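Biologist: I'd like to learn how to read a predicted model. Could we go through it one feature at a time?

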Amino acid sequence: MKMNDTMDQKTEMKHLGDEFRSHSSHWGAFRARWDGERLQVTPRADDPDPSSLLQNIPDALRHKARIARPAIRKGWLEGKGAGSRRSGNDFIEMPWDEVLDLLAEKLRSTRDEHGPESIFGGSYGWASAGRFHHAQSQVHRFLNTAMGGYVRSVNNYSAGAALVVLPYVFGPYADVTMRNVTWEQVEAHTDIVLAFGGLPTKNTSVASGGISSHIERPSMVAAHRQGTRFVSVSPMRDDMIDEVEADWFASRPSTDVAFMMALAHVLVSEGLHDRGFLDQYTSGYDRFEAYLMGRIDGVAKTPEWAAEITGIDANRIRALALDLPKKRVLIVTAQSLQRARYGEQPIWMAATLAAMLGQIGLPGGGFNYALGSLAHYGRQQGSATLPALPQGQNGVETFIPVARIADMLLNPGAGYDYNGQKLTYPKIELIYWLGGNPFHHHQDINRLKAAFDQVETLVVHESVWTPMARYADVVLPATITLERNDLACGRSDPTMIAMQQVAPPFAQARDDFSIFAALSRRLDVEQAFTEGRSADEWVRHFYENTRRQLLERGEDAPDFDSFWSKGEVALPQDPDDGGILRAFRQDPQGSPLPTETGKIVVFSETIASFGYDDCPGHPVWLEPTEVPMTPDMFYLVANQPARRLHSQLDFGAHSVAGKTSQRETLRMHPEDAERLGVGDGDIVKISNRRGACLAGVALTDAILQGVVNLPTGAWYDPECPNGEAPLCVHGNPNVLTKDIGTSRLSQGCTGQITFVFIERFDGPLPPVRAYDPPACLAARNTMEGQCS
Ligand code: PGD
């Protein structure tokens with residue numbers, strides 16, 4: 001298929017359906033064909049282990065959850081402001097022009113009366129693959145161009161603590177996570193992979209921006225066949241694939257630091273730590289060792305000490321420690337470990353343990369943060385600069401660490417700590433959100449609702465009626481990627497994929513760029529926003545920039561039309577050279593690390609100078625602040641789901657097939673279930689002082705007793721939306737999690753672990769309405785979905 005810049009969409013639609021088209025998603029490249037009724041999806045032929053998440057796509061195009069037309073909350077239209085969000089989902093659909101006029105006027109008056117510092121455009125979320133129609137890039141460019149800027153957010157929900165602490169220890173996050181140990185190195189060199197949090201392939205099937213080939217499972221299996229030993233420390237056995245026959249240490253959640261310290265203690269006690277490496281390549285180790293051995297606080301961090309905390313037998317910990325020296329050991333920590341209170345500590349301690357083993361910088365050895373957490377880690381990096389939408393200049397300096405949004409909205413003017421700085425929360429009048437679902441990603445949803453209620457105007461572009469769209473005042477229907485042209489390529493992917501339009505837009509949906517172009521026109525900045533290009537012209541422009549780069553380097557680069565008809569083009573990659581850690585090991589003076597001492601930092605004078613008791617100057621074991629109120633409370637692990645990406649396409653066939661009586665499935669050990677009088681398939685109520693939800697039970701011995709697992713992503717579905725802390729009948733664990741930062745250093749999200757009560761739910765089952773459009777619009781949307 002050839003893409004024509006000036007092509008009239010309707011003309012082109014006549015031809016859609018003839019053929020399979022190339023496309024991509026965060027969970028893999030694929031080909032798709034829409035015949036007007038049915039969407040067929042088939043994985044990219046060269047992908048050795050395609051993701052099962054592709055099975056969610058066929059339902060996406062014309063699902064009843066799609067947003068058909070622009071809608072405005074009645075209360076907002078009547079000028080009742082924020083309070084009206086609590087009084088129901090009374091939306092009024094309006095023609096595009098009227099809504100855009102109203103919104104442009106609101107944007108103008110907010111900017112003029114309160115300044116751009118009153119607008120929150122931090123708008124976090126994974127959105128969807130595609131370099132041009134990247135939702136956050138679009139909203140940031142628009143707010144910079146039309147409003148003079150916005151309050152932004154820094155860091156992310158995935159790696160909030162790691163993004164801040166790793167630069168102190170090693171240097172830039174990207175260098176130690178993405179350009180470090182590759183799967184090829186693991187296959188060729190690694191004797192032991194010691195994985196805290198395992199290497200769950202449900203997570204490695206996903207890469208931000210898309211992935212053309214899933215290599216993780218085949219690499220792990222090949223390494224295992226060649227003798228690599230896999231060790232998994234996690235409350236859940238299936239955080240590691242069965243094929244690698246891993247040794248499972250079923251530790252209690254959030255106790256990894258104690259486990260690592262016990263390993264370190266054995267190394268020192270037995271004189272097995274690599275003193276030469278520590279002296280040459282690290283700084284501040286002796287202060288940490290004094291703490292480790294109990295010379296500072298009187299507590300030696302022995303295997304017996306750790307056994308009490310982790311629940312793992314001391315002899316097993318000792319035996320593991322004695323196995324590590326003199327072997328090529330790779331230590332990895334899953335992202336989930338640091339998505340918890342004091343999340344910096346497991347990262348810093350794992351780095352310290354790896355330094356004590358002296359393997360950092362060797363092929364297949366040392367420490368690689370989050371290898372096994374995402375598909376774009378553990379690969380060679382691309383050497384081409386990838387196309388990205390220019391953002392313009394943000395005239396506002398104020399920012400928040402991304403997970404502090406509710407704190408900001410509830411406490412304008414209040415001061416707080418972040419990474420050595422004293423910051424102040426701004427007063428926000430208007431929030432502009434696209435490409436994310438805070439009712440999925442943020443902790444303590446009831447608190448989040450109270451926070452959103454402080455804001456005058458909440459604008460959302462969405463393709464589906466997510467809980468965030470339902471809570472907005474102005475809802476603008478967005479296309480999904482299958483309804484527009486784009487390009488997909490990730491930093492570590494050797495292939496750029498043409499994302500070809502497969503189907504016409506649903507009902508009145510428009511792409512985010514067109515919406516912003518129309519608003520820009522009303523705000524007299526259209527030329528500055530569009531630079532005179534249509535969306536398809538931007539896609540071509542993006543490709544041409546990459547092509548020029550490739551040609552200048554003497555690489556093969558077909559013209560746009562050839563690329564488009566083939567559906568993909570190869571991108572060059574950097575050599576697998578181990579990045580800054582290998583260079584540092586080979587030449588510590590010539591290639592020092594960009595840290596405070598030029599070495600691996602075990603004690604940081606800088607962090608110590610901040611005086612944070614929740615993140616002192618070296619790795620420490622900090623007693624948890626949230627503890628079970630009674631012994632019959634459970635640890636709840638609220639991790640990434642296996643059947644969808646976050647909350648995306650929660651209504652897809654693969655996601656829905658994993659539910660129990662339409663609710664999210666809670667995994668529980670059979671002995672815990674017996675104690676509670678609960679059986680497989682029963683519905684339970686999960687609660688704590690923050691909220692409550694329902695879930696269906698699945699029994700498994702793959703989980704430690706006393707721990708239950710309710711993945712994230714079920715769309716929030718309150719039984720009585722206007723109540724104070726309504727029951728979520730669908731099973732969203734973020735009604736239970738705590739909204740507190742990892743520490744004053746990084747202020748990351750702590751959604752991974754919380755404590756809950758569980759009881760069997762014997763009452764009449766409330767219906768799940770999560771995917772129904774707001775009642776006032778439901779009937780019309782279904783009709784429109786059928787006829788478009
Ligand atoms: P998604 O479900 O991916 O979740 O949180 P995030 O908000 O990223 O939301 C993306 C939304 O963007 C979807 O609703 C989708 O429809 C919309 N979208 C996609 N494409 C477009 C587009 O082109 N235009 C527009 N306008 N919209 C679009 C994820 C976050 O959750 C992350 S990354 C992590 S790691 C965290 N993990 C946890 C956790 O482990 N435990 C808990 N308890 N909580 C977490 N929250 C975090």
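**Contacts, cover and space**

Biologist: Leaving aside its neighbours within four places in sequence, which residues is Q662 in contact with?

Modeller: Contact means heavy atoms within 4.5 Å, and by that rule Q662 touches H730 and V768. Bear in mind that this is a predicted model, where local features need pLDDT of at least 70, side-chain atom pairs count only at pLDDT 80 or more, and totals for chains, interfaces and linings use all residues. Residues are numbered from 1 along each chain as its sequence is written, and side-chain values use heavy atoms, leaving out hydrogens and water.

Biologist: How many residues apart in sequence are Q662 and H730?

Modeller: They are 68 residues apart in sequence, yet 7.3 Å apart in space, C-alpha to C-alpha. Q662 is in the loop between α27 (653-657) and β25 (665-668). Helices here are DSSP runs of H or I with at least four residues, strands are runs of E with at least two, and both are numbered from the N terminus.

Biologist: Is Q662 buried or exposed?

Modeller: Buried means under 20% relative accessible area, exposed over 50%, and partly exposed in between, using a 1.4 Å probe and protein chains only. Q662 counts as exposed because its value is 52%. K599 sits in the loop between α25 (579-586) and β23 (600-601). Beyond its neighbours within four places, its contacts include V169, D279, Y281 and F584.

Biologist: How do I check a helix, say α4?

Modeller: The expected span is 1.5 Å times one less than the number of residues. The 13 residues of α4 should therefore span 18 Å, and its end C-alpha atoms are 17 Å apart, which agrees.

Biologist: How many residues of α4 are buried?

Modeller: 12 of its 13 residues are buried, so α4 is mostly covered by our definition. Among the buried ones are A135, H140, F142 and M147. The cover includes α3 (96-114), β17 (430-434) and α23 (535-552). Just after α4, G148 takes a positive phi of about 85 degrees.

Biologist: And what makes something a pocket?

Modeller: On a 1 Å grid over the protein atoms alone, a cavity is a set of points where a 1.4 Å probe fits but cannot get out, while a pocket is an open set with protein on both sides within 12 Å along at least five of seven lines; lining residues have an atom within 4 Å of a point. Points are joined across faces, edges and corners, and volume is the space filled by probe spheres set on them. The largest pocket holds about 1,100 Å³. Of its 37 lining residues, G125, W126, H134, N156 and S208 are the closest to its centre. Helix α4 (residues 135-147) gives the largest share of that lining, three residues.

Biologist: What about disulfides?

Modeller: A disulfide is a pair of cysteine sulfur atoms within 2.5 Å, and this structure holds zero. C615 is in none: the nearest cysteine sulfur, in C749, is 16 Å away. C615 is also buried, at 0% relative accessible area.
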